[in-house]
Amino acid sequence: QVQVVESGGGLVQAGGSLRLSCAASGKIFSINEMTWYRQAPGKQRELVATITWGGTTNYADSVKGRFTISRDNAKNTVYLQMNSLKPEDTAVYYCNGLFTQAMGVSRRYWGQGTQVTVSS
């Protein structure tokens, strides 16, 4: 079993910054990639940023230039640095990891989410 735990959400004023963390633990042979998603009230969940364990990153157009995804291989942790936050960034942010486990099986696991609220 794999546990994925997000932290770092909160309330911030527009223009401010937050850093989210996502730590993976459990029966992990290797991490393939980790992705941040977000879901605002009444909207579908959308991809925010992805990082492979080789370091390749990908961002949604709406956050390019403002958000930065990074990883700490030794800690099995991924971060999302969010700058110049806007009210439309308000959402529950979820972390999703693609992990290779025993017998070479790869599976995705979700975290429970962390709330980010940006006030105008």
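The model is predicted, so to speak of local features takes pLDDT of at least 70 and side-chain atom pairs count only at pLDDT 80 or more, while totals for chains, interfaces and linings use all residues. Residues are numbered from 1 along each chain as its sequence is written, and side-chain values use heavy atoms, leaving out hydrogens and water.

**Exercise 1.** Find which residues have the most contacts inside the largest nonpolar core.

*Solution.* Start with the rule: such a core joins buried Ala, Val, Leu, Ile, Met, Phe, Trp, Tyr and Cys residues through side-chain atoms within 4.5 Å. Buried means under 20% relative accessible area, exposed over 50%, and partly exposed in between (1.4 Å probe, protein chains only). The largest core has 31 residues, and M34, W36, L80, M82 and Y93 have the most contacts inside it. Now zoom in on L80: beyond its neighbours within four places in sequence, its contacts (heavy atoms within 4.5 Å) include W36, V48, F67, I69 and Y93.

**Exercise 2.** Classify the ring pair Y94 and W110.

*Solution.* Rings of Phe, Tyr and Trp (its six-membered ring) pair if their centres lie within 6.5 Å; planes under 30 degrees apart are stacked, over 60 edge-to-face, the rest tilted. Here the centres are 6.4 Å apart and the planes at 85 degrees, so Y94 and W110 are edge-to-face. Next, check burial: Y94 is buried at 15% relative accessible area, whereas W110 is partly exposed at 41%.
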